[in-house]
Amino acid sequence: MRRLANLRPASAVTIPFLSALAATALLLTACGTERAGAGSTGADAAASQGGTRIDDPGKDGVRITSLTLPSASPSPTRSYSVSADRLTTESDSGISAAYEVTNEGTGTLTYSIVFTFTSGDGGAVTNRTGTVRDVGPGQTVRGTVRAGELPPTAPRVTQVEVLEVTKVPAGEAPAEPGSCPASGIRVSADEGDAAMGLRVVSLRLDNCGTRTYTVEGYPLLELLDDGLEPVDGVEILDGSGEITTGAGPDEQPRPVTLEPGESATAGLVWRNTTEFGTPVNVPHVRVRAKEGADPVTVTPHLDLGTTGKLGVRPWEEAER
């Protein structure tokens, strides 16, 4: 059975806010979260602590405003990160960058940003990813990203750049780690696996609520481009048999009932073969666990090549 890639857009749903205390104290570390309106450290604060201002044109609404570097031989320090459910501490190099995010669109967005700290020759020393949630139209949010702990043999950091920016509608952003949407269902995607041109990404469905939740069949997908517009010309196939036999035989869909705390998975399988034609890249996938479920937009960055096909395996109970 074959289904068209396009489904009708869904209305947004609201994702719960962090507590006021956590939102105020939160700094982006190796993989942090910043919220619109949070009391984050901006360019002025960073500069007053020894940061060097940077004239950065930015990328997709995100730009670096200052870079703070320690002396050539800094003493190890400890940095603290506050989230809604825990306080963590880790060794820190003392290197950080202040940035700002400006939403020039017409809807509230959640940003996932990859920052790269580089050496004098332009080589990457470390990458850090941060999430900035709920940035309203025309709003600018400021934050700080830290390089974290670096090995003693790492080259000296001299610059920082915005490597990649991914934006999704705020109401469709994956839930924060440790949080549970009002629906009681949390949808996410892993980083995928690639071997000999075969790509596999797993979708995960967690029942984080208080009631049982049943799915049957295949997740419903809509493929979206950088502008969150539908991508045409790609067939979404039930099963992966037309893509490869290396992912195992196609399982027949069957009901999967999840008790609170249980999970299910489904696989996306494709090849990035490139022959005649224009390669198709799909940065966003809007996912519904089943008909009528709230949409969640994940960012697996599908490099479909010129194959024009994406195989989807049915939901099955996750291994414990």
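**Close-up 1. G107 sits in the loop between strand 7 (96-102) and strand 8 (109-119).** Keep in mind that this is a predicted model. Look past the sequence neighbours up to four places away, and G107 touches V135 and P137. There's also G136: its C-alpha atom is separated from that of G107 by 6.5 Å, although the two residues are 29 apart along the chain.

**Close-up 2. Y99 and F115 form a tilted aromatic pair.** Searching the whole structure turns up 1 aromatic pair, and here it is: Y99 and F115, 5.0 Å centre to centre, with 50° between the planes. Those two values are what you'd quote, since a pair of aromatic rings is described by the distance of the centres and the angle of the planes. The pair links distant parts of the chain, with Y99 in strand 7 and F115 in strand 8, 16 residues apart. Y99 is buried, at a relative accessible area of 0%, and F115 counts as buried at 0% relative accessibility.

**Close-up 3. K290 lies over the face of Y213.** Here, K290 is 4.4 Å from the ring centre of Y213. Y213 also turns up in the next view, as one of the residues in contact with L205.

**Close-up 4. The largest nonpolar core has 31 residues.** Which residues have the most contacts inside this core? They are L205, L221, L223 and L310. Strand 19 (residues 263-271) supplies the largest share of the core, 4 residues. Take L205 and set aside its neighbours within four places in sequence: its contacts include I185, V187, V215, L258, A264, A289 and W315, and also R186, E262 and S263. Apart from this core lies another one, of 21 residues, with I64, V132, V162 and V165 among them.

Close-up 5. For L224, the bridge partner in strand 21 is H284.

Key:
Residues are numbered from 1 along each chain as its sequence is written. This is a predicted model: local features need pLDDT of at least 70, side-chain atom pairs count only at pLDDT 80 or more; totals for chains, interfaces and linings use all residues. Side-chain values use heavy atoms; hydrogens and water are left out. Helices (H or I, at least four residues) and strands (E, at least two) are DSSP runs, numbered from the N terminus. Contact means heavy atoms within 4.5 Å. Rings of Phe, Tyr and Trp (its six-membered ring) pair if their centres lie within 6.5 Å; planes under 30 degrees apart count as stacked, over 60 as edge-to-face and the rest as tilted. Buried means under 20% relative accessible area, exposed over 50%, partly exposed in between (1.4 Å probe, protein chains only). A charge sits over a ring if NZ of Lys or CZ of Arg is within 6 Å of the ring centre and within 35 degrees of the ring normal. A nonpolar core is a set of buried Ala, Val, Leu, Ile, Met, Phe, Trp, Tyr and Cys residues joined through side-chain atoms within 4.5 Å. Two strands pair if DSSP finds at least two bridges between them.
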